[in-house]
Amino acid sequence: MSERTIPIVDHRYASSVPEIPQQGPAPAGLLADRLGRPLHDLRISITDRCNFRCTYCMPKDVFDAHYEFLRHADLLRFEEIDRLARVFVQLGVRKLRITGGEPLLRKGVEDLVAMLAAIRTPEGDPVELTMTTNASILARKARALKAAGLNRITVSLDALDDRVFRRMNDVDFPVRTVLDGIAEAQAAGLAPVKVNMVVQRGVNDDQLLPMIEHFRGSGVVLRFIEFMDVGNTNGWRMDQVVPSAELIQRIAASHPLHPLDPTAPGETAERWLLDDGSLEIGAISSVTRAFCRDCNRARLSMEGKLYLCLFATHGHDLRALLRGDPQAGLKPVVDDADLRAALAQVWSRRDDRYSELRGTEAAAALRAERKVEMSYIGG
Ligand SMILES: Nc1nc2c(ncn2[C@@H]2O[C@H](COP(=O)(O)OP(=O)(O)OP(=O)(O)O)[C@@H](O)[C@H]2O)c(=O)[nH]1
Ligand SMILES: C[S@@+](CC[C@H](N)C(=O)[O-])C[C@H]1O[C@@H](n2cnc3c(N)ncnc32)[C@H](O)[C@@H]1O
Ligand code: SF4
Ligand code: SF4
């Protein structure tokens, strides 16, 4: 291991096994955390590997040839992910997002999509199923993903200028291939395609207007994300954050904007429409306008740890519940009702709100403990 490689998984992402409560949870509709927030989204990270080395996410000097990625045996099997997702849906989840690392790199990902697409709510309805991808191999996967039941897709793209994009993904990957992936996703009917751009001052903030011009009239929804202090390795600096308020002002100077109402409680993006109706844009302002108050998102890692915040320092070990853990004297939980009770208890004790606390001693303490990495938890 090189000196700069961060310590191995167990230390980074210490885990706690949720208890199985004696009594069942509150009825699904009433489940809420300590701050009264319901559970609505489950974001499932299916691999910690990626073929890009985006400088703000997997810097090369940390995620290098010596970096220890998880072994395949440590990953949840698709059947295990499916079982957990079903129980989460019983508890109120209505949107599933597959992410990573790069989710399209996981072998057989279409089979997982098909399994998750078959899940029904207690009322018999399907849940929304989506994915976040760097689109490096989306052009050849889009039709199979749609056929398997994926509803829509979000593509990460940080620049239109090929040189800027290659520099940011740091593996010399061309922008053309990502644009082809977006076009194929649209042709396959994965609608709407959303494009997410992380904006870093001095790195790609000159790409705002070219991105807008490119996607006008295309049907794509374009969203700008404030560069976040997620993880411990990306060298985050506040002076590289372009506050959404500034960004919107810069755009509005040349493209008059019309604000849109929120579509659902807890949504991440504030939205605007270009006055001529040619493009919807969104701003995700986790740094300058925290949206923890309505945060209804849970995150499941590829090895089965449940995280209650993007900035969490530890996860709850659901794989130990599914598989048992002889060393800890744990038998596998065979009854879904028990699993459901354990998950409900974890959610009901949640009080995470890192972005609201950023700048306080509580947040500094979390940073000292080491937060989970973005490529592990999936964004
Ligand atoms: N701080 C913080 N950032 C988040 C959270 N959820 C999403 N983000 C950030 O916003 C980016 C975009 O989120 P998406 O994955 O597109 O999720 P979404 O906005 O819920 O998705 P849609 O349903 O497509 O609107 C992520 O990559 C993260 O960088 C959150 O709960 N907290
Ligand atoms: C971790 S990636 C995983 C999925 C896939 N590899 C991709 O890039 O779409 C999910 C999202 O997190 C975003 N992201 C990663 N690091 C970030 C950071 N420091 N601040 C804000 N967003 C970040 C990426 O731009 C991407 O849109
Ligand atoms: S943002 Fe996505 S594509 Fe870029 S390094 Fe992270 S996981 Fe890979
Ligand atoms: S910082 Fe944590 S609690 Fe706040 S919105 Fe993000 S994931 Fe939710």
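**Cysteine sites and ligand surroundings in the predicted model**

In this predicted model, Cys 292 is in contact with Arg 353, Ser 355 and Glu 356, when its neighbours within four places in sequence are left aside. The place of Cys 292 is in the loop between strand 10 (280-284) and strand 11 (297-300). Cys 292 counts as partly exposed because 18 C-beta neighbours lie inside 10 Å, and a residue counts as buried only if 20 or more other C-beta atoms lie within that distance.

An unreviewed UniProt entry places the feature "binding site" at Cys 292, together with Cys 295 and Cys 309. These residues span 18 residues in sequence, yet no two of their C-alpha atoms are more than 9.3 Å apart, so they gather at one spot. Cys 309 is located in the loop between strand 12 (305-307) and strand 13 (315-317). With 21 C-beta neighbours inside 10 Å, Cys 309 is classed as buried. Its contacts, apart from neighbours within four places in sequence, are Asp 352 and Tyr 354.

The annotation "binding site", again from an unreviewed UniProt entry, also covers Cys 50, Cys 54 and Cys 57. Cys 50 lies in the loop between strand 2 (41-45) and helix 2 (78-90), and the loop between strand 2 and helix 2 also holds Cys 57. Cys 50 counts as buried, because 21 C-beta neighbours lie inside 10 Å. Cys 57 is likewise buried, with 25 other C-beta atoms within 10 Å. Beyond the neighbours within four places in sequence, Cys 50 is in contact with Met 58, Gly 100, Gly 101, Glu 102 and Ser 375. By the same criterion, the contacts of Cys 57 are Asn 234, Met 374 and Ser 375.

The three annotated residues Cys 50, Cys 54 and Cys 57 are among those surrounding ligand 3.

Ligand 2 is surrounded by 21 residues, of which the closest are Cys 57, Ser 156, Met 228, Met 374 and Gly 379. At least two residues of this shell are supplied by each of strand 4 (128-133), strand 6 (193-199) and helix 13 (374-377). The shell around ligand 2 comprises 9 nonpolar, 11 polar and 1 charged residues.

Definitions and conventions:
Residues are numbered from 1 along each chain as its sequence is written. Chains are lettered from A and ligands numbered from 1 in the order in which they are written. This is a predicted model: local features need pLDDT of at least 70, side-chain atom pairs count only at pLDDT 80 or more; totals for chains, interfaces and linings use all residues. UniProt positions are given in the numbering used here, feature names are shortened, and annotations may be inferred rather than shown by experiment. Helices (H or I, at least four residues) and strands (E, at least two) are DSSP runs, numbered from the N terminus. A residue is buried if 20 or more other C-beta atoms lie within 10 Å of its own, exposed if 12 or fewer, and partly exposed in between; C-beta atoms are placed from the backbone. Two residues are in contact if their C-beta atoms, placed from the backbone, lie within 7 Å. A residue is near a molecule or strand if its C-beta atom, placed from the backbone, lies within 6 Å of it. Ala, Val, Leu, Ile, Met, Phe, Trp, Tyr, Cys and Pro count as nonpolar, Asp, Glu, Lys and Arg as charged, and the others, Gly among them, as polar.
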